Amino acid sequence: MGIVHSSVVEASRDELFAWHTRAGAFTRLSPPWQPLSLAKESESLESGRAELRMPGGLTWVAQHDAKEYDPPHRFVDYSAALPLRLLVPWRHTHTFDVVSEGRTRVTDRVDTIVPGQFLRSTFVYRHRQLADDLARHHWASTLLPGPLTIAVTGSSGLVGSALTAFLSTGGHRVIRLVRRAPSTRDERRWNPDAPAADLLDGVDAVIHLAGASIAGRFTDGHRRAIRDSRIEPTRRLAEVAAASGQGPKTFVSASAIGYYGPDRGDEVLHEQDPRGDGFLADVVADWEDAAKPAADAGLRVVHVRTGIVQSPSGGVLRLQRPLFEVGLGGRLGAGTQWLSWIDIDDLIDVYHRAVVDSGLSGPVNAVAPNPVRNEEYTAVLASVLHRPAFLPVPDFGPKLLLGEQGARELALADQRVTPGKLEGRGHRFRRPDLDTALRHQLGRFKSEEG
């Protein structure tokens, strides 16, 4: 039993092995559909151990075998904690063989009692992530050949955790700006109300992701939290960046396609189009304006106007997936409203490009090039999960959960947004169509894939 999965990656053996040794590798290779969370990453491929939280309070411990450690050819880990090592014995051998200059065969061999057909999706996912991430870092090296020091707020969130893992495995130093006392040398304490003057010293770029979740019923308190967690903290961080003589040259801030308003119909929306109406449009306009101190000081400022992020680890897909898996999914309202979405790994690539591409500035629409109507999204998700989708959700459903305003601006928003600036820069999307994105994120690959 078990599995052997192999693929050729366009990278040298030394580069691939080094990638696996860096913080964030486990996160980048962990399938998001699995009910596991990383409790502790291994400090060493030679003799370290990683710990994973599992359902039911169980912990999976992956212990690296020092006797089998042979860089850059091989490393091995095995299940080391009771009772799982008895119930599910597991030995994972990672090997790297030179195919030709700049090309390496990566092979995963897992010896276990688990049948291979149950492991296939995991390793198709892992090998794609590895190859795609290395390709993006190779591309970036043609623009900026050296590693950067990048400060990130909101690093523990859905986007932040994926982005920091991507950057660190690419060889960059990531400084996490945290609100608690720092616990490592790569953390700095950040007070959003009064950031320290030297907070960004020695930093090449800032990626500002922090902000209260927009999801929720649009009460006065919720609207206040959305605004207060974005406008002034962004302004104060931009002021520190502007005043720092040893600080960043690039300031990248999260933003949202809510800028365009919720009722734009079939109008194709570009970055230069005027803002729409509504609460979120007001917030986004003020949010982007709050970064003006950095721009006035000569920093390159990028506002990443994000669409509906596709990941089963968070956001809308995390809420919808359980309903669709039991056959209770369906379109929202009439189903004709446009949904401008983006795969989470493509969003990570947009932030990466915002840091390394000096030709990118101002608002950037972080959406896939193929938006869909809600009824099409429903049909594709149901097809990927092999489930029916016969139960439409009438308008009053979102209104009960989110309130009138929340339903209009979130669940029933109608925005057909295009990634005009990215396409103008020749940007390559990993997963530009919805079916491919959902299959990758949910591990529902076609039989001929991988």
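**A chat about loops, a sheet and two helices**

Colleague: Hi! Where is P83 found?

Modeller: P83 is found in the loop between strand 5 and helix 3 (84-87). Helices (H or I, at least four residues) and strands (E, at least two) are DSSP runs, numbered from the N terminus. This is a predicted model, where local features need pLDDT of at least 70, side-chain atom pairs count only at pLDDT 80 or more, and totals for chains, interfaces and linings use all residues. Residues are numbered from 1 along each chain as its sequence is written, and side-chain values use heavy atoms, with hydrogens and water left out.

Colleague: Thanks! What kind of peptide bond joins L82 and P83?

Modeller: A cis one, with omega about 0°. P71 and P72 are also joined by a cis peptide bond, again with omega about 0°. P72 sits in the loop between strand 4 (59-64) and strand 5 (74-79).

Colleague: Why point those out?

Modeller: Because most peptide bonds are trans, and most residues other than glycine have a negative phi.

Colleague: Which residue other than glycine has a positive phi, then?

Modeller: H386, with phi near 55°. H386 is in the loop between helix 12 (374-384) and helix 13 (396-411).

Colleague: Is H386 buried or exposed?

Modeller: H386 counts as exposed because its relative accessibility is 61%. Buried means under 20% relative accessible area, exposed over 50%, and partly exposed in between, using a 1.4 Å probe and protein chains only.

Colleague: New topic! In what order do the seven strands form the sheet?

Modeller: The order is 1-7-6-5-4-3-2, in an open sheet with antiparallel pairing. Two strands pair if DSSP finds at least two bridges between them. Strand 1 (3-9) and strand 2 (37-40) are the edge strands, each pairing on one side only. From one strand to the next, the twist averages 25°.

Colleague: How many bridges join strand 5 to strand 6?

Modeller: Five, and strand 6 covers residues 90-100. Y78, for example, has R91 of strand 6 as its bridge partner.

Colleague: And which strands does helix 1 lie across?

Modeller: Helix 1 (residues 13-21) lies across strand 1, strand 5, strand 6 and strand 7 (103-112), at about 150° to strand 6. Contact means heavy atoms within 4.5 Å. Axes are lines fitted to C-alpha atoms, for helices over the stretch in contact, and angles run from 0 to 180 degrees between N-to-C directions.

Colleague: What about helix 4?

Modeller: Helix 4 (residues 120-141) lies across strand 1, strand 6 and strand 7, running at about 20° to strand 1.
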